[in-house]
Every structure is written in structure tokens, then in C-alpha cells.
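Please look over the structure below alongside these numbered remarks, which take up charged pairs, the contact between domains and the nonpolar cores in turn.

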Amino acid sequence: ERDSLDTIWMNGEFTDWEDATTHVLTHGLHYGTGVFEGARCYDTENGPAIFRWDAHVERLFDSAKPYDMEIPFSKDELTEATLEVIRRNDLESCYIRPVAYYGYHQLGVSPGDCPTDVAIAAWPWGAYLGEEALRNGIDVMISSWRKHASSQIPTNAKTNGLYVNSLLAGEEARRNGYEEAIVLNKEGNVAEGPGENVFMVRDGELYTPSLSESILDGITRDTVITLAEERGIPVHETAISRGELNTADELFFTGSAAEVTPIRKVDNVVIGEGTRGPVTEELQSAFFDLVDRKTDEHDDWFTYI
Ligand code: PMP
């Protein structure tokens, strides 16, 4: 259980943590009709700063579009609210969770006049898959569940309801003794993790499923592609078959929560040397040097508190 902090921003007001509640007949609770984000604030060498906040806010508004959901605050208002949530809770490094959902009005599937409620919370959250995982990697299972096809639900929108599929895949993996899942898409190609994008290294080059493979357009994915290109590592966004995972030299996950996490085994088949590989390590160090501001590159990716 999470220790309660001081305040959560809800619909324009700072609310005591315990009072940040909603009615049980909230539309989003019944039908998953909400959109959300997950971002991190790092305690950098130049003070606390949110990494790629603008991209997260942009994606939140984009996620709302297919649902014709009107977020009743501007991007600037949400940014100001987020900065204030971090300040008022006295946080330095934290995870930030904005959510916008159809609220309480009526329970037809059509949201009709349901309000769009918006909340922003933040709390300390260490390595998503554990510190050990960042160093030594994790064992993953190819899920027996498939990803939704993008013809069934917009998979490029970060919609609450989509995460029922993530839960099924992740929990199936953990029940079977693995730490996380890789989920294939309807075509049987590699899509992504329950909350992560996947990368593969082969002969010193980087491969990741293209956006047409029913994946979320991950912001960490984009960051890692940029870092790789800057280091002269060729990057291919393409379809990846299940079998290619087994013969990869290295595999890793990316995500705002998962950061850059090496994968050492898939379905108990050892990948490469079964440890964090050299390209993964190079990109992971580049990522942490970046977010800790040990380099001054890409300062425009940071929103200082
Ligand atoms: N795929 C899914 C399904 C996710 O939930 C996430 C986490 N937001 C990602 C990929 C990684 O995206 P990002 O790097 O923007 O956090």
C-alpha cells in the first residue's frame, strides 16, 4: 500500500490525498473510458526535473482524441498543476500519473453529458522491475494473450481499458515464475511488454517493432532511438518475428517506469550471454546520464521544478 502524501490535484483544485475519490458510478470505472500518462521526475544534478513532460502531455491529449474526450484544461494548466503537485508534496524524484476519464453522470455506454474529470498525482517510485533488473536483466515469457489489434481499439492511445490486457499478460508471466511478459500482436509478431516497448540488438544494430505493429509510441522508445542514432548505432523500426527474439544478441525493454531494463531469457531460452549486453549497457548508461543531467545534451527535454 502506498503511503499517502499531502495532495492530489483534481479538477482544478489541490485535494487532500485521502479525499481524492470518485463516485462508484463513474463512467470510466465501468467501461475503462479514460486516458492516462506515466512520467518521471528525476533529482538531477541541476535540481528536480520532469523528463519529456511536453511529450507526455501531448500524448495525453492525443490519446483522448479517438474518444472525442474534451480535456477541460490547457496543456499549460496541466503543466503548472503538475509542478505544483511535486512542490507541495516535497518530492524530488517521483513518478507522475495524470489521468482524464469520463466521470459521474449517467451509465449508458455513450458518455453523453458525463464530465471529463482530470487528476494528477505523484509519488516516489523506484525501479519498476527492481534495481537488480536494471543491472542483471529479467526473465520474460511470451504471453499466451495477444495484443489488441489496432483495428479493434487504438493501441497508440494510452487508454485505461487497454491495461486489462496488460494485467492478463503480466500476471500470467508472474504466475509462471517470470518477471514480465512480451506480448505478440494479432499477426503473431512481437508487439511490446504490458507497459514497455521492446528492443533487439543484432550484429551491433538496433531493431524495434514499428508503430504499425499495434504498439504504444513510447517516449522512452523515442529517446533510446535518438541516443542510438547519436552514437552511430543503426536503428530499424520493423516487424520482428517471435523466433528472432531467441537468436538476438541482446534484448531490452524501455518505458518511463521500466527505464532501460535488459532481458536475459525469453521462455527460458538464454539471450546472447544471458547478461546485460554491451549495446544495452551503452544505451542504458547514456539514458541514465541524460536523465540525471550528467550531460548537458537535450536540456530542452527537461521541465525543471
Ligand atoms: N507500451 C505500453 C503498453 C506502455 O504502457 C508503456 C508505458 N507508458 C510503454 C509502451 C512505454 O512508453 P513510455 O516510454 O512512453 O513510457
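1. Arg 242 counts as partly exposed at 40% relative accessibility, where buried means under 20% relative accessible area, exposed over 50% and partly exposed in between, with a 1.4 Å probe and protein chains only. Asp 267 is likewise partly exposed, at 27%, and Arg 242 forms a salt bridge with Asp 267 in which the closest N and O atoms are 3.1 Å apart; the term denotes a side-chain nitrogen of Lys or Arg within 4 Å of a carboxyl oxygen of Asp or Glu. Because Arg 242 lies in helix H7 (residues 242-246) and Asp 267 in the loop between strand S15 (259-266) and strand S16 (269-270), the pair ties together parts that are 25 residues apart in sequence. Helices (H or I, at least four residues) and strands (E, at least two) are DSSP runs, numbered from the N terminus.

2. On the basis of these values: this is a predicted model, in which local features need pLDDT of at least 70 and side-chain atom pairs count only at pLDDT 80 or more, while totals for chains, interfaces and linings use all residues. Residues are numbered from 1 along each chain as its sequence is written, and side-chain values use heavy atoms, with hydrogens and water left out.

3. Arg 221 and Glu 237 also meet through their side chains in a salt bridge, at 2.8 Å from N to O. Arg 221 lies in helix H6 (residues 219-230) and Glu 237 in strand S13 (residues 235-238), so this pair ties together parts that are 16 residues apart in sequence. Arg 221 is buried, with a relative accessible area of 3%, whereas Glu 237 is partly exposed at 43%.

4. Within helix H3, Arg 88 and Glu 84 lie four residues apart, about one turn of the helix, and form a salt bridge whose closest N and O atoms are 3.1 Å apart. Arg 88 is partly exposed, with a relative accessible area of 42%, and Glu 84 is partly exposed at 21%. Salt bridges that share partners join Glu 80, Glu 84, Arg 87 and Arg 88 into one network. A search of the whole structure finds 19 salt bridges.

5. The protein is divided into domain 1 (7-123) and domain 2 (131-291), with bounds that come from an automatic or database domain assignment. Their centres, taken over C-alpha atoms, are separated by 26 Å, and the contact (heavy atoms within 4.5 Å) takes 20 residues from domain 1 and 20 residues from domain 2. Between them the domains bury about 1700 Å², 58% of it on carbon and sulfur atoms; this buried area is the accessible area (1.4 Å probe) that two parts lose on being put together, summed over both.

6. The count of salt bridges between domain 1 and domain 2 is two. Asp 222 forms a salt bridge with Arg 52, the closest N and O atoms being 2.7 Å apart. On the side of domain 1 that touches domain 2, strand S3 (34-36), S4, H2 and S6 each supply at least two residues.

7. The largest nonpolar core has 34 residues, of which Trp 9, Ile 50, Ile 71, Leu 78, Ile 86 and Ile 96 touch the most other members; such a core is a set of buried Ala, Val, Leu, Ile, Met, Phe, Trp, Tyr and Cys residues joined through side-chain atoms within 4.5 Å. A second, separate core of 25 residues includes Ile 225, Val 235, Phe 288 and Trp 301.
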